[in-house]
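Here is a short tour for you to follow with the structure open on your screen.

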Amino acid sequence: MIVIDASVLVSLVAGDRDAVDAVVPALEHDAHWAAPPHARIEAVSALRGMALRRSALRDELPRMVERLLDIELDVWPTDPLLGRVVQLVDNVSAYDAAYIALAEELSTTLVTLDRRLAGVPGIHCRVLVPGGDAAPA
């Protein structure tokens, strides 16, 4: 099992060819993907922003959301993670901290396109940024 964040979800449903090509190999090693509940709504928010910036995507938004819902995702509750999320608030948003905390809880890797997450101090999980280096746990 691996934890994926909204940046990966957005890449899978709306990314350009380079983004998809970077993400897919990182996900092929483990087809069991987990995320906190806010991952999909965070991805929809990003997709909305893309559609507002590029009118050509406006009509595509419903189909992108359908593809997002087609992604099999094991959604984990955040309540047990909140203590760890609070420990990370000086260095990362609560939303991003939830991805880190979940990866730590599951003793697995977090896959993200957000390079900042690989540099968060004091984390206890591996962060893999496709196309970049992995930060060890």
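Predicted model: local features only at pLDDT ≥ 70, side-chain atom pairs only at ≥ 80, totals over all residues.

## Helix H2

Let's begin with H2, which covers residues 17–28. Its 12 residues should span 16 Å at 1.5 Å a residue, and the end C-alpha atoms are 17 Å apart, which agrees.

Val20, Val23, Ala26 and Leu27 are the buried residues here. Viewed down the axis of H2, the buried residues fall within an arc of 135°, so they line one face of the helix. An α-helix has 3.6 residues a turn, so residues three or four places apart point the same way. Turn to the other side of H2 and you will find Arg17, Asp18 and Glu28 exposed.

## Helix H3

H3 runs over residues 38–53 and has 16 residues. From first C-alpha to last, H3 reaches 23 Å, close to the 22 Å expected at 1.5 Å a residue.

The buried residues in H3 are His38, Ala39, Ala43, Leu47, Gly49, Met50 and Ala51. They pack against H1, S2, helix H4 (61–70) and helix H6 (94–106).

## Asp114

Finally, have a look at Asp114, in the loop between S4 and helix H7 (115–118). Is Asp114 buried or exposed? Its relative accessibility is 18%, and buried means under 20%, so Asp114 counts as buried.

Leaving aside neighbours within four places in sequence, Asp114 is in contact with Asp5, Ser7, Asp96 and Val129.

Key
Residues numbered from 1 in each chain as written. Heavy atoms only, no water. Helix = DSSP H or I, 4+ residues; strand = E, 2+ residues; numbered from the N terminus. Expected span 1.5 Å × (residues − 1). Buried < 20%, exposed > 50% of the residue type's maximum accessible area, 1.4 Å probe, protein only. Arc of directions from axis to C-beta. Contact = heavy atoms within 4.5 Å.
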